[in-house]
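Subject: Structure for you to look at

Hello,

Here is the structure I said I would pass on. Please open it first and then read the notes below it.

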Amino acid sequence: IEAFNIWKTSLIERGFFDPSYFHVGYRLMELSFLFSIATFFLFNNYLTLSLITYGVFSARCGWVQHECGHISFTCNQKYDKFIQSILMGFGLSTSGSLWNSMHNRHHAATQKETYDIDLDTLPFVAFYTNIVEHRQNINLWWIKYQAFSFLVMTSGIFVMMSWVFVLHPYYVLKKRKLIDCIAMIFSHCFQTYLFKKAMDCSILYAYFNFLITKWIASVYLFGHFSISHTFTGTVRKDAFPNWIDYALYHTVDVSTQNPVVSWVMGYLNCQCVHHLFPQMPQFRQPIVSKELYLFATKWNKPYKQIGYFEAWYKTFDNLHKVGKEIYSIKK
């Protein structure tokens with residue numbers, strides 16, 4: 001722990017926690033470009049390309065808002081929280097404030113049974129076998145074949161639509177989150193208007209296309225969120241690892257030195273580094289991953305780095321094995 005704190009101090013002194021306004025500008029310009037090109041496709045009758053690009057825009061709003069939630073984008077709490085509310089609300093039709101409340105629990109107790117909200121996923125999906133000890137509402141046939149439904153149905157429909165129509169609207173109304181609420185409503189209205197205007201169709205069909213973009217975004221987002229955690233071991237609720245062990249034993253890094261993977265995953269391919277230093281601007285984390293390897297080796301700690309496609313394989317292999325195990329136990 002002492003060595004870790006010395007290393008962290010060194011990173012701070014070397015500027016790894018300082019914001020880059022050039023990077024901030026680039027990320028926001030990228031989002032503007034994606035939305036603009038998607039709108040261009042829409043008004044030039046390239047509907048499929050438009051839907052995909054709008055979906056990618058929404059998903060990449062998710063990457064940036066996530067960083068804003070950690071105050072690692074501009075590194076100014078006021079600015080980051082405002083940007084997060086706008087991007088989460090307009091891009092994903094959900095609340096940045098609620099995201100923070102849920103996501104902070106994940107960072108505080110990563111992969112800890114009954115504590116990490118990212119593991120509290122029943123009845124839709126089970127990421128670990130021991131969940132049968134904590135929850136009883138399990139449809140055995142659904143869980144047995146969960147690997148096949150995880151992306152298309154669980155991530156794309158059940159989770160995202162429950163967020164968009166139930167969980168997040170209820171939260172912003174209850175907590176009176178005005179900016180979140182306005183951004184969320186505007187996303188539904190404005191994007192639906194664009195579809196109606198471009199295709200000269202009914203509001204219902206326009207809104208259906210709007211929902212397709214959210215389905216694409218959620219498949220992209222939740223799929224990539226899952227490949228850094230879900231197949232790692234869980235922490236029993238009566239165990240108390242330290243901060244370093246939570247990160248190194250229960251997350252993995254994915255192709256940290258591959259710039260394409262870093263772009264696709266919004267730098268969350270450096271998940272171990274992110275969990276150790278959640279307020280570090282994420283574009284700097286591929287560099288820090290090299291130092292983490294040396295730190296972990298020195299202290300005989302595991303630091304798992306795997307390839308992008310290997311991460312996907314492990315994720316779905318875990319879903320398949322857990323589904324079969326739970327089916328056998330409960331049957």
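**Charged pairs**

Glu113 has a relative accessible area of 0%, so it counts as buried. Please keep in mind that this is a predicted model. Glu113 forms a salt bridge with Arg236, and the closest N and O atoms of the two are 3.7 Å apart. Because Glu113 sits in the loop between H5 and H6 and Arg236 in the loop between H10 and helix H11 (243-250), the pair ties together parts that are 123 residues apart in sequence. Arg236 is partly exposed, because its relative accessibility is 36%.

As background, side chains of opposite charge can pair when their charged atoms come close.

How many salt bridges does a search of the whole structure find? The search finds 6. One of them joins the side chains of Glu291 and Arg14, at 2.8 Å from N to O. This pair links distant parts of the chain, with Glu291 in helix H14 and Arg14 in the loop between H1 and H2, 277 residues apart. Glu291 counts as partly exposed because its relative accessibility is 22%. Arg14 also counts as partly exposed, at 44% relative accessibility.

Another salt bridge is made by the side chains of Glu67 and Arg27, at 3.7 Å from N to O. Here, too, distant parts of the chain are linked: Glu67 belongs to helix H3 and Arg27 to helix H2, and they are 40 residues apart. Is Glu67 buried or exposed? With a relative accessibility of 1%, Glu67 is buried, and Arg27 is buried as well. Leaving out residues up to four places away in sequence, Glu67 touches Arg27, Ser72, Phe73, Met280, Pro281 and Gln282.

**Aromatic rings**

The count of aromatic pairs comes to 34. In one of these pairs, the ring centres of Phe17 and Phe277 are 6.0 Å apart and the planes are at 90°, so the pair is edge-to-face. The two residues come from distant parts of the chain: Phe17 is in the loop between helix H1 (2-13) and H2, Phe277 is in the loop between helix H13 (271-276) and H14, and 260 residues separate them. Phe17 has a relative accessible area of 17%, and the limit for buried is under 20%, so Phe17 is buried. Phe277 is buried with a relative accessible area of 1%.

Phe127 and Phe150 also form an edge-to-face pair, with 5.8 Å from centre to centre and 80° between the planes. Phe127 lies in the loop between H5 and H6, while Phe150 lies in helix H8, 23 residues apart. Both Phe127 and Phe150 are buried.

Which residues form one aromatic cluster? They are Phe35, Tyr54, Phe57, Phe90, Phe186, Phe190 and Phe195.

Charged side chains also lie over rings. Arg60 is over the face of Trp263, 3.9 Å from the ring centre. Lys112 is over the face of Tyr115, 4.7 Å from the ring centre.

**A nonpolar patch and a buried serine**

Val152, Met153, Ile157 and Trp215 make up a nonpolar patch on the surface, and together they have about 320 Å² of accessible area. Which helix gives the most to this patch? Helix H8 (residues 146-175) does, with 3 residues. Met153 is located in helix H8 and is partly exposed, at 34% relative accessibility.

Ser218, in helix H10 (residues 203-226), is buried, because its relative accessibility is 0%. Setting aside neighbours within four places in sequence, Ser218 is in contact with Ser155, Gly156, Met160 and Gly223.

**Backbone details**

Leu122 and Pro123 are joined by a cis peptide bond, with omega at about 10°. Pro123 is in the loop between helix H5 (96-108) and helix H6 (131-134).

Asn45 is not a glycine, yet its phi is positive, at about 65°. Asn45 sits in the loop between helix H2 (21-43) and helix H3 (47-69) and is exposed, with 67% relative accessibility. Asn300 likewise has a positive phi, near 55°, in a residue other than glycine. Asn300 is in the loop between helix H14 (285-298) and strand S2 (305-306). With a relative accessible area of 70%, Asn300 is exposed.

Regards

Key. Residues are numbered from 1 along each chain as its sequence is written. Side-chain values use heavy atoms; hydrogens and water are left out. Patches are made of residues with over 30% relative accessible area and no salt bridge: like charges are joined within 9 Å, nonpolar side chains (Val, Leu, Ile, Met, Phe, Trp, Tyr) within 5 Å. Accessible areas come from the Shrake-Rupley method with a 1.4 Å probe; for residues, only the protein chains shown count as cover. A salt bridge is a side-chain nitrogen of Lys or Arg within 4 Å of a carboxyl oxygen of Asp or Glu. Helices (H or I, at least four residues) and strands (E, at least two) are DSSP runs, numbered from the N terminus. Buried means under 20% relative accessible area, exposed over 50%, partly exposed in between (1.4 Å probe, protein chains only). Contact means heavy atoms within 4.5 Å. Rings of Phe, Tyr and Trp (its six-membered ring) pair if their centres lie within 6.5 Å; planes under 30 degrees apart count as stacked, over 60 as edge-to-face and the rest as tilted. A charge sits over a ring if NZ of Lys or CZ of Arg is within 6 Å of the ring centre and within 35 degrees of the ring normal.
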